[in-house]
Amino acid sequence: MGDIGALMDGFATVLSPSALLFAAVGVTLGTLVGVMPGIGPAVTIALLLPVATQFDDPIPAFIMFAGIYYGAMYGGSTTSILLNTPGESASVATAIEGNLMARRGEARAALATSAIGSFVAAIISTVLLALVAKPAADAAVSIQATSYVAIMILSLATVTALVGHSVVRGLVSLMLGMMFALVGLDPQSGQTRFTFGSSELFGGIEDVLIVIGLFAVGEVLYVLSNRPRDGHDAVIGLGDRPKGFLWLTPAQWRRSWGPWLRGAAFGFPFGAMPSGGAELPTFLSYSWEKNRSKGRAEFGEGAIEGVAGPEAANNASFTGVLVPLLTLGIPTSATAAVMIAAFKQFNIQPGPQLFATSGDLVWALIASLFVGNVLLLVLNLPLINLWVKVLSVPTPVLYSGILVFASLGIYASSGNSTQVTIAIAIGVLGFVMRKLDFPIAPTILGAILATEMERQFRRAMVSSHGDLSVFWTRPVTLVILLLALAAFALPQLPRIVALARGRRPGKRLAFGDED
Amino acid sequence: MTHEPRATHGVAGGTTGDPAAAPDLTAEEPHRGAVAPVVAGVLLVVLGLVMVREAFTVEVGRDLVRGPRLFPAVITITFTALAAVYLAQQVGHLLGGRVRDGEAFGDLPRVAGMIGLLLAYGFVLEPVGYILSTFVLFVVGSWLLGSRAWKRDLVVGVGLSLGIFVLFTQLLAVRLPQGVIPLG
C-alpha cells in the first residue's frame, strides 16, 4: 500500500497551483510544437529541453515534461488528420483513416475520437504504469550486469532491425551513435577517447546537441534541399460542429470505445517491453480493426475505428515506454532517449535505483501524467482553431523558426562555440543520413545507451574476473541475447511467410523512425 | 538528376494506401547514376579507419576486457566493417545501374549557404548579442528556405528574437548574450 501513499503524495505535489500552471504550460507548448508539420515528439521535446531544464528543482521541470511528452503526441495526431503529414511513423495509420474522415467533412469527429481515445488509453496505461513500475524496479535491482548488457543489446537490436529499410544502414547508424557516446574522458580510467587531442572534447558531446543536431538541424537542411516554396500545405477545414456529445454522435461513441480499449491493450505491453517501439502495436491495432471491427467495410474511406484504435495504441505504448525508461534506464524510442537526456541534465540516472534515490520525483512524474492528460482533454478540442492556425504557418517561417529554437537549445545547453560547431556538424550528418536513407533513431539510442552499456559490461567483467563466458553460460542472459538475434529475423517474416506459402516474396517489414 | 523531392515534411513518403501492406515508408523512384551513396560509403570507411586508429591509441589498462580500449575498438572495427559492406553494396548498385538507396541531394548551394549562416551565427552570437544575430538568422534563414515575403519575415523576426530574449532572460533566468542592443 506504500506505493499508493507515495502516488497520493505525488498528486499532492502536482495539484498545487504552481505545478498545475507548469503542467498547463507543458501541454500547451508540447501541442503547439507537436502540431507543426514534420516535427515529431522527439524533436518537440529536444527543442523544449532548454526551457524545462532552467529549473533548479527537477520536479516542476518533469511536471512540465510530462505535459510536453503527451502534448507533442496530441499535436501530432491533429497534424496527421488535418494535413496527412504524420510527424512520426506511429501516426501513419491515423493519417490515413483520419485524413479520409476529414476530407469527408468529419474532421471534428476524427479529432475527437483521437483525443478521447488517447485520453482513455493514457489513463489506463498510466494506472498500469503506477502498478508495475515499483515492482519492476524492485525486480530490476537484482538483474545481473550480464543480463543488463543483454537487455540493452536487445533494445538496440529491435530498434535497429525495425526502423529503416536496410539492416546494414541501421547498424552503421547505431555504431555512429555509440562512437559519439564514447568521446571524452573515460570515467573509470580517466583516459581520453576520440578527442583527437582537443581539450574541449574532454567533457564529451552533450546528448542534447546530438538530438537537436540530428533531428532539428538535419530536418531543416533536408527541407531546404528540396527547394521549398513560400506558403503552406492545404489544411482541411473543420466543418460544422456535429450533433452529439464532444463532437461524436452516439453511433460514433459506440464504434469508438471498443477500439480505444483494444488499442490500449495492444499498446501498453509492447511499450513496456524493453524492446519497445510504438509502431508495432499501432500497426496491430490498425490491422485488427480493419479486419474485425464493425466498421471494417469503411476502411479506406475513413473509418472511425481506424483512428480510434491506432491512436489509443500509440498513446498506451508511449506510456508503456516509461516502464523500461524509469525502471531500467533503457530508452526504447527516440522520444524516450530524449527523455533520458532530460534526466541527465538534472544528474538523475533513471534505472532500478531511481525509486530509492528520487522516489518523490518518480511519483510526481506519474501523477503529472494523469494531470497532463486531463488538461490535454480539456484544452485540446476547445483550442482546435489555434492549432489549425499553427498548421497554416508558411513553410519558410516554420523551419526558420525551428532553426532559431534549435540554436537556442544548442547555446543554452553548451554555451561555447566549439559545441555549437559540433552540433552544426552533427546537423549536416543528419541531413546526409536522411538523404541517403540511414535511420536516425539508432544513432540517438546508441549515443544515449553506449556509456551505460560499457559501465555494466565492465561491472560484469570485474565480477567474473574477466571471463567473457558469463554471457553464454548464464541462461537468462543467453536467452535475451538470442532474442536480440531473433529481432533481426523479424523484419524478414513477411518474406519468409510468403515464400512458405509459395507466393512472391513480399516487402520487408520496416517502419520510419522519427518518433 | 531528375528526381522528385518527396514530401517536404512528415515521415518519408506519402501515406495514402494501406499501412498493412506498406509501413514501408520510402518507396523511392529509382534515380540512376547517382554517385552520392558511393562517395558516402568511401567517407564512412575512411572515418572508420581513422576512428579505429584513434581507438588503438587508448591504453589497454589492467586487461583488455575490463579496460577502456575494448568498447572503442569493437565499435570502430564493427563500424568500419559495416561501412565497407555498405560501400560494396552501393558500388554494386552503381555498376548494376540500379542505384535506389536514398535520394538526390537537391539544392546544395543553398544548403551550404544555410550551414555557413549557422556557423556565422555561432561566432557572432556573443559579440553582437542574441537579439540582432537571431533576427538576422531568422530573416536570412527564411529567405534561404524560399520565402519572398520580406515584410512578414522582418516583423516575425523582430517579434521572435525580442520575445525569446525577454522570455528567457526575464522569466526563465537564462543568460543570453546582450551584445550591442542594451536591453534587459
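## A salt bridge within chain A

In this predicted model, A:Glu219 forms a salt bridge with A:Arg434. Their closest N and O atoms are 3.0 Å apart. Side chains of opposite charge can pair when their charged atoms come close.

Where do the two partners sit? A:Glu219 lies in helix α9 of chain A, and A:Arg434 lies in helix α18 of chain A. The pair therefore ties together parts that are 215 residues apart in sequence. Over all chains, the structure holds 17 salt bridges.

## Where chain A meets chain B

How many salt bridges are there between chain A and chain B? The count is 0. Polar contacts do occur there: 8 residue pairs are in polar contact between the two chains, with both residues at pLDDT 80 or more.

The contact takes in 89 residues of chain A and 86 residues of chain B. The size of an interface is often given as the accessible area lost when the parts come together. Here, chain A and chain B bury about 7,700 Å² between them. Carbon and sulfur atoms account for 72% of that area. Three residues stand out on chain A: A:Leu224, A:Tyr411 and A:Leu436. Together they supply 9% of the area that chain A buries against chain B, more than any other three residues.

## What builds chain A's side

Several elements of chain A each supply at least two residues to the side that touches chain B. Among them are α5 (92–103), α8 (167–182), β2 (192–193) and α9 (207–225). The list also includes α11 (279–292), α17 (395–414), α18 (417–435) and α19 (441–463). Which element gives the most? It is α17(A), with 12 residues.

Now sort the residues on this side of chain A by type. They divide into 50 nonpolar, 23 polar and 16 charged.

## A nonpolar patch on the surface

Chain A also has a nonpolar patch on the surface. Its members are A:Ile124, A:Val127, A:Leu128, A:Leu131, A:Val132, A:Trp257 and A:Leu261. Together they have about 590 Å² of accessible area.

Which elements give two or more residues to the nonpolar patch? They are α6 (107–141) and α10 (250–272) of chain A. The largest share comes from α6(A), with 5 residues. A:Val132, one of the patch members, has its place in helix α6 of chain A.

Notes: Residues are numbered from 1 along each chain as its sequence is written. Chains are lettered from A and ligands numbered from 1 in the order in which they are written. This is a predicted model: local features need pLDDT of at least 70, side-chain atom pairs count only at pLDDT 80 or more; totals for chains, interfaces and linings use all residues. Side-chain values use heavy atoms; hydrogens and water are left out. Contact means heavy atoms within 4.5 Å. Buried area is the accessible area (1.4 Å probe) that two parts lose on being put together, summed over both. A salt bridge is a side-chain nitrogen of Lys or Arg within 4 Å of a carboxyl oxygen of Asp or Glu. A polar contact is a pair of N or O atoms within 3.5 Å; within protein, one must be able to donate a hydrogen and the other to accept it, and residues adjacent in sequence count only if both atoms are side-chain atoms. Helices (H or I, at least four residues) and strands (E, at least two) are DSSP runs, numbered from the N terminus. Ala, Val, Leu, Ile, Met, Phe, Trp, Tyr, Cys and Pro count as nonpolar, Asp, Glu, Lys and Arg as charged, and the others, Gly among them, as polar. Patches are made of residues with over 30% relative accessible area and no salt bridge: like charges are joined within 9 Å, nonpolar side chains (Val, Leu, Ile, Met, Phe, Trp, Tyr) within 5 Å. Accessible areas come from the Shrake-Rupley method with a 1.4 Å probe; for residues, only the protein chains shown count as cover.
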